[in-house]
Amino acid sequence: MTSTTRDETPVAMQTDDAELRKKEIGGDLTVAFIRLVKGADMGPGLKGLPDDMCPCPHWGYVVKGRLKLRTGDDSEVYEEGQAFYWAPGHVPEALEDCDFVDFSPTKDFDQVISHLTSQA
């Protein structure tokens, strides 16, 4: 069995608007500790992926703040204290400074992170 804390998890991506720490924890799952500052929009970084959205599913928990998830013609707001499932085909945008913990299939998530870092 594997566990980790935010501080033990290596930084995989860092910008002025976002910090993403990730670590594979077993069972083909990666945990990510993600911080977005208010106004951070992941849309520009996701351009070039299918439908210009994240193609990876995520399960997680919003620790702090609020964020909007755009999905095609729709959107939904997630806030502190909510557990979530995000199906493939979404774009996160921080409505407030937010922190969330995310569990994702490792291979799919690594491809998204590689794409995001190549856009920086």
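**Close-up 1. Polar contact between the side chain of H90 and the backbone of A87.** In this predicted model, a polar atom of the H90 side chain lies 2.7 Å from the backbone oxygen of A87. H90 belongs to the loop that runs between β7 (83–86) and β8 (91–94).

Close-up 2. The relative accessible area of H90 is 1%. Because buried means under 20% relative accessible area, H90 counts as buried. When neighbours within four places in sequence are left aside, the contacts of H90 are L46, M53, C54, C56, H58, L69, R70 and T71.

**Close-up 3. The largest cavity and the residues at its centre.** The model has one cavity of 30 Å³ or more. The space in the largest cavity comes to about 190 Å³. Its lining is made up of 18 residues, of which L20, I34, M42, P92 and L116 are the closest to the centre.

**Close-up 4. Elements and residue classes in the cavity lining.** Two or more residues of the lining of the largest cavity come from each of β2 (18–26), β3 (29–36), β9 (98–105) and α2 (106–119). The element that gives the most is α2, with four residues. By class, the lining of the largest cavity holds 15 nonpolar residues, two polar residues and one charged residue.

Conventions:
Residues numbered from 1 in each chain as written. Predicted model: local features only at pLDDT ≥ 70, side-chain atom pairs only at ≥ 80, totals over all residues. Heavy atoms only, no water. Buried < 20%, exposed > 50% of the residue type's maximum accessible area, 1.4 Å probe, protein only. Polar contact = N/O pair within 3.5 Å; in protein donor to acceptor, adjacent residues only side chain to side chain. Contact = heavy atoms within 4.5 Å. 1 Å grid on protein atoms, 1.4 Å probe; cavity = no way out; pocket = protein on both sides within 12 Å on 5 of 7 lines; lining within 4 Å. Points joined across faces, edges and corners; volume = space filled by probe spheres on them. Nonpolar A, V, L, I, M, F, W, Y, C, P; charged D, E, K, R; others polar.
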